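Dear colleague,

I am passing on a structure that you have not worked with before. Please look through it first, and then read the notes below.

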Amino acid sequence: MSDDYLVRIGKLIRDARQHRGWTQTQLAEALGTSQSAVNRIERGNQNLSLEMIARIGEALDSEIVSLGYAGPMHLRVVGGRRLSGAIDVKTSKNACVALLCASLLNKGRTVLRRVARIEEVYRLLEVLGSIGVRTRWINDGVDLEIVPPADLEMDAIDAAAARRTRSIIMFLGPLLHRMDRFKLPYAGGCDLGTRTVEPHMIALRRFGLDVTATEGHYHAVVDRSVAPGRAIVLTERGDTVTENALLAAARHDGVTVIRNASSNYMVQDLCFFLEALGVEVEGIGSTTLTVHGVPNIDVDVDYCPSEDPVEAMSLLAAAVVTESELTVRRVPIEFLEIELAVLEEMGLDHDRTPEYVADNGRTRLVDLTVRPSKLEAPIDKIHPMPFPGLNIDNVPFFAAIAAAAQGKTLIHDWVYDNRAIYLTDLNRLGGRLQLLDPHRVLVEGPTRWRAAEMMCPPALRPAVVVLLAMMAAEGTSVLRNVYVINRGYEDLAERLNSVGAQIETFRNI
């Protein structure tokens, strides 16, 4: 291995470590080595075995190298191109992972239509397969068939796959009905700072679930004599917390009332799926859900999740930052109305078709056409709220949009500990973003984007925002280590290329 390659690998490791927010000492502790050894590695002064590179990548949850066919690792973006034509929104990533977890409630065959083929789904399929659930892609790889075993093999769970997804936490709700004790690896996923699991535990204790977290696992014990005697009031109106409570209530023999529930898109899709399983859910779309549980669910069910409003926002933002006319089809309008209202106030030129119904028979869709617009910074700050407010996951896209607008925009991302910090990566591409504190960023526009080579942020939405800015920047940019984008988007580069982008995937160092 040449000295030049050692230096380049060292820089990749340093960037991945810094994006993780770790010091050299923390990485050294994870690897069982010394801080001085990590320092030598990052300066390219240390010979590295493939085993050590793999260990570093696992510790940092970042692919440092790719062996064989492991999917695209980096993106090369030729920017400054206008988009045109039409592009369809894929089904919801967050709904798909919730439905995969919900399939554990059913003893029968579950078929999910048009499942998002993304890394987050693949990790959950690896976990399900390891515990004995049979899954296979059918209908030319478009749909997914899930058949559970009579008994789950929890001792054989794929811990490495489980730790790469936060969705594993939603196994708690279904599993408490299937066994008296079990253990799950700690939830992982993208790096958004500390997200406590305590709200999940508070809700699930009402169903007799007691969880102790030790040695990298959640150790769960179920007391069958415990059942909700009164309404469950969630301590936070979180999406996955609400889903876990719903999953626990679905097979509880009785009526469960859940208050302060999220009414977001993935929660509604889960409710629709539970209805297909024979579980009655009252109050869908509100903050109070009443679930009439069915102790034994053994049905063959066929369900199609609705389209992803966050992906729709991504595509709209792509059109805005590249000053393009683009039609985004199959947009779940109910979950983008606030975002569009803000964009209209900023001066966005767009129109929409009459509403039509998604394949789940419930969600309202439209086709949106966005045209080049002269945007002005909004008077009020951009900040998320629980649905029906501006979606938490759509906040980062407003950083790129605000950078294209005239004036200063304050973005307040109050939910996550450090996601706003990653938005300042746009400064590497010519942006003018000032970090006021870990939650607030001041964006000044308009921006003359410039090409750059950089490491992909470890949080999903900021990573896509950087990609969109690269598409707007004249010249050739490189975005390295894009695993996190593949966690949440299916074939994003190829689909953007279909409407005029020029993005190449490659896997060399």
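Which residue forms a salt bridge with arginine 432? The partner is glutamate 444, and the closest N and O atoms of the pair are 3.5 Å apart, a salt bridge being a side-chain nitrogen of Lys or Arg within 4 Å of a carboxyl oxygen of Asp or Glu. Glutamate 444 lies in strand β20 (residues 440–445) and arginine 432 in strand β19 (residues 432–437), so the bridge ties together parts that are 12 residues apart in sequence; strands are DSSP runs of E with at least two residues, and helices runs of H or I with at least four, numbered from the N terminus.

Please keep in mind that this is a predicted model, in which local features need pLDDT of at least 70 and side-chain atom pairs count only at pLDDT 80 or more, while totals for chains, interfaces and linings use all residues. Residues are numbered from 1 along each chain as its sequence is written, and side-chain values use heavy atoms, with hydrogens and water left out.

By the rule above, the count comes to 30 salt bridges. One of them joins the side chains of arginine 362 and glutamate 275 (3.0 Å, N to O), linking distant parts of the chain, 87 residues apart, with arginine 362 in the loop between β16 (356–357) and β17 and glutamate 275 in helix α11 (residues 265–276). Another brings together the side chains of arginine 480 and glutamate 453 at 2.7 Å, N to O, and a network of salt bridges links Arg109, Arg134, Arg136 and Glu145.
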